[in-house]
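Take a look at the sequence and the model below. This report goes through charges, rings and the nonpolar core in turn.

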Amino acid sequence: MELREWIKGEHEGLRTRFGQSVAAHVPVSRWRERAGSGGSSIAWLVLHTAWHEDLAMRAAVQGETPLMTAWRGDLGLEKVAPTGGLGEAEQEDITAAVDLDALGAYAEAVHDGTRAWLDGAELAALDDVPETGARLADLADVTVDAVPWLHAMWDGKPTAWFVQWEAVGHVQGHLGEMISVRSRLGLSPF
């Protein structure tokens, strides 16, 4: 199997698993529900993973303004700081404000954008180390002062890491969490 096709298959498989395991069983109207104390809602997890992938793949890797900039109004997040949604812990005010229909569309747009980049990227570019700190600050107003942990984690990483972790692994991990939420809400198909 060719490397590009393998990466694309892993990335596309996330959309398929989300559709079959979460979206098919949890109505969008229930995405804000949390299953017990301490866990996150599906809405938060979708926003969190899409925003990370968007920021990583568009700003850090491609040096372009993240899609979130154009989507912020539709998402109902125009008053939320640029760093809102990046942390692991759910911010209830953000979850309450986000437009759920727009959230699904934003997540799809982010996924499609990564897919388009994967279709055309030179595989040698996976070794490139982007100027992450400057790009996050300049293109997304995500400064080191606001999220030092993110800058520290992303600094000096090659493009392959952003694809492997932010576009695939991070989403995969939180997808498992979404499936758990679905089951604890009593919506498991099994």
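## Salt bridges

A network of salt bridges links Glu5, Lys8, Glu12, Arg15, Glu108, Asp112, Arg115 and Asp119. A salt bridge here is a side-chain nitrogen of Lys or Arg within 4 Å of a carboxyl oxygen of Asp or Glu. By this rule the count comes to 11 salt bridges. Side chains of opposite charge can pair when their charged atoms come close.

One of the bridges joins Arg15 and Glu12, with the closest N and O atoms 2.8 Å apart. Both residues lie in helix H1, three residues apart, which is about one turn of the helix. Helices are DSSP runs (H or I, at least four residues), numbered from the N terminus. Arg15 is partly exposed, at 22% relative accessibility. Glu12 is also partly exposed, at 22%. The cut-offs are simple: buried is under 20% relative accessible area, exposed is over 50%, and partly exposed is in between (1.4 Å probe, protein chains only).

The model is a predicted one: local features need pLDDT of at least 70, side-chain atom pairs count only at pLDDT 80 or more, and totals for chains, interfaces and linings use all residues. Residues are numbered from 1 along each chain as its sequence is written, and side-chain values use heavy atoms, with hydrogens and water left out.

Glu33 and Arg30 meet in a salt bridge of 2.7 Å, N to O. Glu33 is partly exposed at 31% relative accessibility, and Arg30 is partly exposed at 24%.

Glu90 and Arg34 also form a salt bridge, at 3.5 Å from N to O. This pair links distant parts of the chain, 56 residues apart. Glu90 lies in the loop between H3 and helix H4 (92-97), and Arg34 in the loop between H1 and H2. Is Glu90 buried or exposed? Glu90 counts as buried, at 12% relative accessibility. Arg34 is partly exposed, at 31%.

## Aromatic pairs

A pair of aromatic rings is described by the distance of the centres and the angle of the planes. Rings of Phe, Tyr and Trp (its six-membered ring) pair if their centres lie within 6.5 Å; planes under 30 degrees apart are stacked, over 60 edge-to-face, and the rest tilted. By this rule there are four aromatic pairs. Trp71 and Tyr106 make a tilted one, with 6.0 Å between the centres and 55 degrees between the planes. Trp71 lies in helix H3 (residues 68-75) and Tyr106 in helix H5 (residues 100-120), so the pair ties together parts that are 35 residues apart in sequence. Trp71 and Tyr106 are both buried.

The ring centres of Trp154 and Phe162 are 5.3 Å apart and their planes are at 90 degrees, so this pair is edge-to-face. Trp154 is buried at 0% relative accessible area, and Phe162 is buried at 0% too. Ring pairs link Trp154, Trp161 and Phe162 into a cluster. Lys157 lies over the face of Trp161, at 5.3 Å from the ring centre. The rule for such a charge is NZ of Lys or CZ of Arg within 6 Å of the ring centre and within 35 degrees of the ring normal.

## The nonpolar core

In soluble globular proteins, nonpolar side chains tend to be buried together. A nonpolar core is a set of buried Ala, Val, Leu, Ile, Met, Phe, Trp, Tyr and Cys residues joined through side-chain atoms within 4.5 Å. How many residues does the largest nonpolar core have? The core has 55 residues, and those with the most contacts inside it are Trp31, Leu55, Leu75, Leu103, Val142 and Trp154. Helix H1 (3-23), helix H2 (42-61), H3, H5, H6, H7 and H8 each supply at least two residues of this core. H2 gives the most, with 14 residues.

## A loop residue

Asp141 sits in the loop between helix H6 (132-140) and helix H7 (148-154). Most residues other than glycine have a negative phi. Phi of Asp141 is near 55 degrees, a positive value in a residue other than glycine. Asp141 is partly exposed, with a relative accessible area of 47%.
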